[in-house]
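Subject: Structure handover

Hello,

Please find the structure below, for your files. My notes on it come after.

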Amino acid sequence: MVHAPSGVGTVALPSGASLIRFPEVADLRGLLTFAEVDGQLPFPVNRFFLVHGVPSQELRGEHAHRHLHQLLIAVAGAVSVLTDNGSEREEVRLDDPTVGVHIPPMVWGVQFRHTADAVLMVLASDRYEADDYIRDYGEFLSEVL
């Protein structure tokens, strides 16, 4: 399992995905984590969605995108994420809201082992487009290899 950088920054994964640690500011009022386009965010965000209430044994994701970038952040609880480029796979555990995994186009992503309180925020580079999804792993392999 790959671990996020200890300080603000990015760790590239062999699959082409990357782990990003975001800045965190602490004061007497609490903690604030942020990211900016052309700073910590690897792409402009045009859509976001939240995944929550997932029974721990269920798999989510199980697809790749031809053009879309995604950034996954567990804003509460924890979720495991598998990234796969057809020849390299990594599993990361998202359990800290200052860490996200960037899944670029043509990287297969699966989310699993959700805690009961898990809330996964997904930032996407584009609006939903059904034709951008590759939902069959065999088809993904034939396109990516």
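Predicted model: local features only at pLDDT ≥ 70, side-chain atom pairs only at ≥ 80, totals over all residues.

Residues are numbered from 1 along each chain as its sequence is written, and side-chain values use heavy atoms, with hydrogens and water left out.

Strands

Helices (H or I, at least four residues) and strands (E, at least two) are DSSP runs, numbered from the N terminus. Two strands are called paired if DSSP finds at least two bridges between them.

An open sheet of five strands has the order 9-8-11-6-13, and its pairing is antiparallel. Strand 9 and strand 13 (133-134) are at the edges with a single partner strand each, so one side of each has no neighbour in the sheet. Within the order given, strand 6 and strand 11 run antiparallel and are joined by three bridges. H63 stands opposite G109 in strand 11.

Strand 12 (residues 119-124) runs antiparallel to strand 5 (residues 47-52), with six bridges joining the two. R47 has A124 of strand 12 as its bridge partner. Strand 12 also pairs with strand 7 (residues 70-76), again in the antiparallel sense and over six bridges. Here L72 has V122 as its bridge partner in strand 12.

Core

Buried means under 20% relative accessible area, exposed over 50%, and partly exposed in between (1.4 Å probe, protein chains only).

Pocket

The largest pocket has a volume of about 220 Å³. The search used a 1 Å grid over the protein atoms alone; a pocket is an open set of points where a 1.4 Å probe fits, with protein on both sides within 12 Å along at least five of seven lines, and lining residues have an atom within 4 Å of a point. The volume is the space filled by probe spheres set on the points, which are joined across faces, edges and corners.

The lining of the largest pocket has 19 residues, and F49, G61, H63, Q70 and Q111 lie nearest the centre. Strand 5, strand 6, strand 7, strand 11 and strand 12 each supply at least two lining residues, and strand 6 gives the most, with five. By type, the lining divides into 11 nonpolar, six polar and two charged residues. In that count Ala, Val, Leu, Ile, Met, Phe, Trp, Tyr, Cys and Pro are nonpolar, Asp, Glu, Lys and Arg are charged, and the others, Gly among them, are polar.

Salt bridges

The structure holds six salt bridges, each defined by a side-chain nitrogen of Lys or Arg within 4 Å of a carboxyl oxygen of Asp or Glu.

E139 forms one with R66, with the closest N and O atoms 3.0 Å apart. This pair links distant parts of the chain, as E139 is in helix 1 (residues 137-144) and R66 is in the loop between strand 6 (60-65) and strand 7, 73 residues apart. E139 is partly exposed at 33% relative accessible area, and R66 is partly exposed at 24%.

D84 and R89 form another, at 2.8 Å from N to O. D84 is buried, with 1% relative accessible area, whereas R89 is exposed at 53%.

E91 and R113 form a salt bridge at 2.3 Å, N to O. E91 lies in strand 9 (residues 89-94) and R113 in the loop between strand 11 (108-112) and strand 12, so the pair ties together parts 22 residues apart in sequence. Salt bridges that share partners also join R66, E139 and E143 into one network.

Backbone angles

Most residues other than glycine have a negative phi. R113 is not a glycine, yet has a positive phi of about 50°. M106, in the loop between strand 10 (99-103) and strand 11, has a positive phi near 65°.

Regards
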